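Reader: I'd like to learn how to read a model like this one. Could we start with how the copies relate and then look at some strands?

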Protein chains: 2
Amino acid sequence: MSVVIRKADKNDMRAVLDLIRELAHFEREPDAVEVTVEELIKDGFEGHPEFQCFVAEVDNEVEGMALTYMRYSTWKGKVLHLEDLIVKEPSRGSGLGSRLLDRVVRYGYDLGVKRISWVVLDWNQRAIDFYLKKGARVLEDWDVVQLDEAGIKQYVSNLS
Amino acid sequence: MSVVIRKADKNDMRAVLDLIRELAHFEREPDAVEVTVEELIKDGFEGHPEFQCFVAEVDNEVEGMALTYMRYSTWKGKVLHLEDLIVKEPSRGSGLGSRLLDRVVRYGYDLGVKRISWVVLDWNQRAIDFYLKKGARVLEDWDVVQLDEAGIKQYVSNLS
């Protein structure tokens, strides 16, 4: 079995979108995925790329991916964020996720960032233990707040 | 009293850093702020800006700021994130924070993003109630994971 972890290119975006959809389906929100292959190509590879994606290839098939981008900390300056790390169901437990995380941390190290962040579901103790073992810390006292598309429109209409 | 909410320029970065430091001091982590005025100017105003900052000016003095940047959702594509919204202690309760948030939401609306996100401390019920009233939702089941500078170095040294 030949495993390669590499930077994604445009031609991987179809497989990357399949992984994104597989995860959304697993999380029972299949309709939440609005992004398209064309958008992923435009946003990730044209002009100023909005993200940097890595893929895990097993025998020339994309079996996993990690998608990262820069954020800006008012304390630390430029920092790296790992938005998603997905491994196909049949390939889980084979170490692909770990190798993708290794690649992301090395990428952040090479960029010289002072922090790499991601999020984890608070009931996913196996993942939390894994991250703690890797030297990360888990902040339990922050909640994520989201204003969605309908919420933004409603908010703005209330301003006028 | 004359209040102006506007996009920040380079000359505001000194006042913006003072606000960042005031908050860090309040949170009892004054030494956590490593960013400098020079970095804020370089990162926010040169080449491809890493963030977009807004300030609230009262009688020509900067009394508050909101710092935003783009993130990338694998479900929604380009989304806006509000990293920090800070109002000087003496000016709190005067509606400046609310007006800054209004400006940020309108900015996201004009950009056409499908989501605006930020974080809130889970014990800050007053803020949570305010955001809910504004139409946002609060996700309580995600924890933030951070690998800091020392953690990144340690992680990478374990790879070799």
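Author: Copies are superposed by least squares on the C-alpha atoms of residues with pLDDT of at least 70 in both, pLDDT being the predictor's confidence in each residue, from 0 to 100. This is a predicted model, where local features need pLDDT of at least 70, side-chain atom pairs count only at pLDDT 80 or more, and totals for chains, interfaces and linings use all residues. Residues are numbered from 1 along each chain as its sequence is written, while chains are lettered from A and ligands numbered from 1 in the order in which they are written.

Reader: What is the mean pLDDT of chain A?

Author: It is 95, and 100% of the residues of chain A reach 70 or more. For the complex, the predictor gives an ipTM of 0.94 and a pTM of 0.95.

Reader: Which strands does β3(B) pair with?

Author: Strands are DSSP runs (E, at least two residues), numbered from the N terminus, and two of them pair if DSSP finds at least two bridges between them. Strand β3 (residues 61-73) of chain B pairs antiparallel with β2(B) (residues 52-58) over seven bridges, and ten bridges join β3(B) to antiparallel β4(B) (residues 77-87).

Reader: Which residue in β4(B) is the bridge partner of B:M65?

Author: B:I86. In β3(B), B:M65 also stands opposite B:V55.

Definitions and conventions: Helix = DSSP H or I, 4+ residues; strand = E, 2+ residues; numbered from the N terminus.
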